[in-house]
Amino acid sequence: MKLLLFIVSVVGTLALLAVAATGQSTVTGGSGVPQSAPAGLSDKSAAALRTVASANLFEIESSRLALARSQSNAIKEFADRMVGDHTRAANRTRQVLGEMGASLPPLMLEPAQQEKLDALKAVANPQFDKAYVEAQYTAHVEAIAVVREYARSGDSERLKALAAEALSVLQSHLDHVTRLRDQR
């Protein structure tokens, strides 16, 4: 269990590092998401990390919504797991960033994730659970693709190692949501 919690923390490390300002000014990029001046991170690393951070935030916010709106115990258990896993990961990320001398700028969703969250909020309650499961399934498929690619071809050895470790947690989340999806 402790190993699982450690691995889960790696996911958040990748997610929140995406928005880590490393002592330099934060600027808004074309997507509306704050982008940090890389200070030791390449554009490739910064872009991958921003994408993962937005996905992480989407998973938390959509899961909080599911906790409030779902009528299914199985959905609520999954949503609670998502909030818990990603919150622990965020705490671990803050620790790592502190060790790196970095700080977090404001965290926000990329426009695509914000649209998905807004759409989920608009779904009527009878269809909510199915829409939530589909949103989580898609989010995890996309996150795994980004993290897997970075683990394979990233340019920071430390971040590549974190990405490789995060894959097992992301896959575990995908496996869980796939089972929920197959039950619908």
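**Helix α5 and its partners**

Modeller: Helices α5 and α6 pass each other in a left-handed crossing. Before going further, note that this is a predicted model. Helix α5 takes in residues 125-153, helix α6 takes in residues 157-183, and their axes approach to within 8 Å while crossing at roughly 155°. Angles over 145 degrees count as roughly antiparallel, so α5 is roughly antiparallel to α6. As for the residues in the contact of α5 with α6, 17 are nonpolar, five are polar and five are charged.

Packed helices are described by the distance between their axes and by the angle between them.

V177 belongs to helix α6. Its relative accessible area is 0%, and because buried means under 20%, V177 counts as buried. Setting aside residues up to four places away in sequence, V177 touches V133, Q136 and Y137, and also F78. Distance along the chain and distance in space can be set side by side here: V177 and E134 are 43 residues apart in sequence, while their C-alpha atoms are 8.4 Å apart.

Helix α2 covers residues 43-69, and the axes of α2 and α5 come within 10 Å, crossing at roughly 160°. With an angle over 145 degrees, α2 and α5 are therefore roughly antiparallel to each other. The crossing of α2 with α5 is left-handed, as is the crossing of α5 and α6.

The residues that meet between α2 and α5 can be listed by helix. On the α2 side they include K44, A48, V52, F58, S62, L65 and R69. On the α5 side they include N125, F128, Y132, Q136, A139, A143, V147 and S153. The contact of α2 with α5 divides into 13 nonpolar, eight polar and three charged residues.

Helix α4 runs over residues 111-122 and holds Q113. Q113 has a relative accessible area of 10%, so it is buried. Apart from neighbours within four places in sequence, Q113 is in contact with S54, A55 and F58. A112 and S54 are 58 residues apart in sequence, with 9.3 Å between their C-alpha atoms.

Now the setting. The protein chain has six helices and two strands, which run α-β-β-α-α-α-α-α from the N terminus on. Of the 184 residues in the chain, 48% are buried. Among contacts between residues at least 6 apart in sequence, 75% join residues at least 24 apart. The pair V177 and E134 is 43 residues apart in sequence. The accessible surface of the chain is about 8,700 Å², and carbon and sulfur atoms account for 55% of that surface.

Technical notes: Residues are numbered from 1 along each chain as its sequence is written. This is a predicted model: local features need pLDDT of at least 70, side-chain atom pairs count only at pLDDT 80 or more; totals for chains, interfaces and linings use all residues. Side-chain values use heavy atoms; hydrogens and water are left out. Axes are lines fitted to C-alpha atoms, for helices over the stretch in contact, and angles run from 0 to 180 degrees between N-to-C directions. Helices (H or I, at least four residues) and strands (E, at least two) are DSSP runs, numbered from the N terminus. Angles under 35 degrees count as roughly parallel, over 145 as roughly antiparallel, 65 to 115 as roughly perpendicular and the rest as oblique. A crossing is left-handed if the near helix is turned anticlockwise from the far one by less than a right angle, and right-handed if clockwise. Ala, Val, Leu, Ile, Met, Phe, Trp, Tyr, Cys and Pro count as nonpolar, Asp, Glu, Lys and Arg as charged, and the others, Gly among them, as polar. Buried means under 20% relative accessible area, exposed over 50%, partly exposed in between (1.4 Å probe, protein chains only). Contact means heavy atoms within 4.5 Å. Accessible areas come from the Shrake-Rupley method with a 1.4 Å probe; for residues, only the protein chains shown count as cover.
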